[in-house]
Amino acid sequence: MKNILEINNVTKFYKNSVKALENVNLNIKEGEIFALLGPNGAGKSTLINSICGIVNFNTGTIKINNMDIIKNYRTTRKITGIVPQELNLESFETVWNNVNYSRGLFGKKPDHNYIEKLLKQLSLWDKKDNKIKELSGGMKRRVLIAKALSHQPKLLFLDEPTASVDVELRKDMWDVVKKLNEDGVTIILTTHYIEEAEELSDRVAVINDGKIILVDEKDKLIKKLGEKTIKIELFEPIEKINGNLSKYNFTLDQTNKIISHTYNLNSNTTDITELLNDVKKDGYEIKDINTEQSSLEEIFIKLIKENNNELVRN
Amino acid sequence: MNWYGIKAIYIHEMERFRRTLFQSLASPIITTSLYFVVFGSAIGSRITEIDGINYGSYIVPGMIMLTILTQSISNASFAFYFPRFTNTIYEILAAPLSSFEIVLGFVGAAASKSLIIGCVIILTANFFVDVRIDHPLLMMFFLILTSITFALFGFIIGMYAEGFEGLQIIPILIITPLVFLGGSFYSINMLPEFWQKISLLNPVLYLISGFRYSFYEVSDVSLLTSTLTILTILIGCIIFITYTFSKGYRIKD
C-alpha cells in the first residue's frame with residue numbers, strides 16, 4: 001500500500017525555544033487508521049498542526065501524496081481535514097452555515113446534497129438550523145467532524161476526537177470513524193484513551209518529548225511487548241508454592257487458592273503444557289484457568305517510563 | 001485563485017453584519033444626526049459659511065470620513081481578531097488559501113460594510129442639509145480607496161492585538177484625534193499659521209481634503225497630494241501585511 005503521508009526529519013521549536021518536535025520520521029499508509037499516542041505535551045498536536053499548516057515547522061519535509069505540503073499547499077490541503085482538540089466553533093452561527101463555510105474555505109463549490117447527507121450521517125440533520133451555542137458538547141464535536149469532512153478529504157486528522165465525551169457518544173464516534181475508514185478515508189488520530197487506539201487503529205506510534213519512540217502494528221505491538229498472566233484456580237487452598245511449581249515464579253492470592261504466573265508472549269520462556277503438567281504432577285486439582293493479556297495502555301505506560309528513564313540517564 | 005474560499009470568508013463576514021444590522025446602521029445614523037445637531041445647528045449658527053459652502057454641508061465629507069475610517073478599522077480588526085480569540089482561525093490556516101486570498105476576503109467584507117455605512121450617512125445628511133456631489137466618480141474613488149486602506153490597517157491591528165482592549169487603542173487614541181484635527185469640521189485656513197503647518201503633518205487631513213474636493217471643489221491641499229497620500233498609506237499597509245504573513249502572521253508561531 002502506498003504512503004499517503006511522509007514525514008522526514010521534522011523539527012519544531014516554539015519561540016520560547018521549547019523543542020516540540022525532534023527529527024520526527026513517520027510514514028502513513030493510504031487507507032489505514034493510525035493512532036498517535038503520547039502524554040500531555042509530547043508533541044502530538046504540534047505534529048498534526050504542522051502537517052495541516054496551522055503551525056510552521058523549522059526543518060524537515062512533509063509530503064502528502066508525494067507532494068511537499070509547503071510547495072503544493074493548495075493541492076495537499078484540499079485533501080486534508082482536521083478535527084481540533086478544542087470545541088472551536090462560532091457560537092452564533094447555525095450548524096448549516098458553519099459546515100457550508102468550511103466547504104467553501106477548502107475551495108469546493110456548494111453542494112447542499114452532500115452536506116445534507118453528511119449531517120444526516122452524523123445525526124445532525126435535525127439540528128441544522130440551530131446555533132452552535134444551543135448544542136451539547138457531543139453535538140459540537142460532531143459539527144467539528146462535519147466541518148472537517150465538508151470538503152471530502154482523503155486524509156483526516158482527529159486530535160483527541162472523544163476528549164470529554166461520555167461513553168455512549170464515544171462508541172458512536174468510533175462507529176463514525178470506522179465508517180469513514182471503510183469509505184476510504186485515511187485517519188490519523190491522537191488520543192489519551194488507549195482503548196480507543198486499541199479499538200480503532202491498525203498501527204500505533206508512541207511520541208514522547210517530541211520524539212517518536214515506537215511505530216508498529218497494534219497487534220504486533222501488543223504481542224511484542226505484551227505480557228500475559230495465567231491464573232490457575234485450585235480446588236483446595238495451598239500454604240506455599242513449592243515442588244515443581246517453584247521454578248515458575250508463581251504468586252499466591254489471599255484466598256490461597258489462585259496461583260498466578262506472568263510471562264512474555266514473545267520470550268518463549270514459558271511452556272504452558274509443561275506448566276500445567278507440573279501442576280498435575282504436584283498433585284493439585286485445577287478448578288479453573290484464566291489468562292489476561294496486558295493492554296495497550298499498560299504497554300504505553302511502560303514505554304513512556306523507559307523513555308523517561310533513558311532521558312534522565314542522558 | 002481559491003474564489004470559493006474568498007467568497008466563503010466574505011459571505012461569512014457579511015452575514016455577521018446582517019445579524020447585527022440594526023446596531024451596525026443605527027449607530028452611525030444616530031451619531032451623524034447628533035453631529036448635525038451639535039455642529040450644524042449649535043455651532044453652525046455662528047459659522048455660516050466656509051469657502052462659500054454652508055457650514056452644515058461643509059462638514060458632511062469630514063463626518064463620512066470619520067465614520068469610514070473608524071468603521072473600516074473596527075470591522076476588519078474585529079473580523080480577524082475574533083477567529084483568533086475563539087481559535088476558529090485554525091480552519092482558515094488549514095485551508096488552501098494564500099495570504100492574499102485571506103486578506104481579500106476579510107478586507108473586502110470590512111470595506112463593503114464601511115461603504116454601505118458611508119452611503120447611509122450621505123442619505124442621512126440629506127435630511128439635514130443640502131449635499132452636492134460635483135465629482136461622483138472621484139467621490140467613489142476616495143470612498144472605496146479609503147475603505148480598503150483603513151480596512152487593511154484594521155486587519156493589521158487584528159493580527160497584532162493581544163486582547164479586545166488592543167483593538168480599541170489605536171482607533172481611540174490615534175485615529176479619532178487625527179480625524180478631528182484633520183479638518184473634518186473646519187478648514188485649516190481658519191487656524192493660526194503655526195497650527196496650519198502642524199496640521200499638514202496629519203495624513204488624515206489629505207484624505208478629508210481630497211474627499212471634500214469631490215463634493216464641493218474646495219480643499220485645503222491639492223487633489224494630487226491627497227491622492228498620493230491615500231495611495232502611500234495603502235501601499236504601506238500592503239507591504240506591512242505581506243511582511244507579517246511571510247513571518248507566519250503572528251498566529252502560526
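Reply: Helices (H or I, at least four residues) and strands (E, at least two) are here DSSP runs, numbered from the N terminus. The model is predicted, so that local features need pLDDT of at least 70 and side-chain atom pairs count only at pLDDT 80 or more, while totals for chains, interfaces and linings use all residues. Residues are numbered from 1 along each chain as its sequence is written, and chains are lettered from A and ligands numbered from 1 in the order in which they are written.

Me: How many helices and strands does chain A have?
Reply: The C-alpha trace of chain A spans about 75 × 50 × 35 Å along its principal axes. Within chain A the count is ten helices and 14 strands.

Me: Which residue in β4(A) is the bridge partner of A:Asn8?
Reply: Strands β1 and β4 of chain A pair in the antiparallel sense. In β4(A), the bridge partner of A:Asn8 is A:Thr61.

Me: What is the average twist from one strand to the next in the open sheet of six strands in chain A?
Reply: This sheet has the order β6-β7-β8-β3-β9-β10 in chain A, and its pairing is mixed. Its edge strands are β6 (80–83) and β10 (211–217) of chain A. From one strand to the next, the twist averages 15 degrees.

Me: At about what angle to β6(A) does helix α5 of chain A run?
Reply: Axes are lines fitted to C-alpha atoms, for helices over the stretch in contact, and angles run from 0 to 180 degrees between N-to-C directions; two residues are in contact if their C-beta atoms, placed from the backbone, lie within 7 Å. Helix α5 (residues 137–149) of chain A lies across β6 and β7 of chain A, and its angle to β6(A) is about 170 degrees.

Me: Which element gives the largest share of the side of chain A that touches chain B?
Reply: The contact takes 27 residues from chain A and 22 residues from chain B. On the side of chain A, the elements that give two or more residues are α2 (73–78) and α3 (95–105) of chain A. The largest share, five residues, comes from α3(A).

Me: Is B:Thr242 buried or exposed?
Reply: A residue is buried if 20 or more other C-beta atoms lie within 10 Å of its own, exposed if 12 or fewer, and partly exposed in between, with C-beta atoms placed from the backbone. B:Thr242 lies in helix α10 (residues 223–246) of chain B. Because B:Thr242 has 12 other C-beta atoms within 10 Å, B:Thr242 is exposed.

Me: What percentage of the 314 residues in chain A is buried?
Reply: Of the contacts in chain A with a separation of 6 or more, 71% join residues 24 or more positions apart. The buried residues of chain A make up 36%.

Key:
Pairing = 2+ DSSP bridges.
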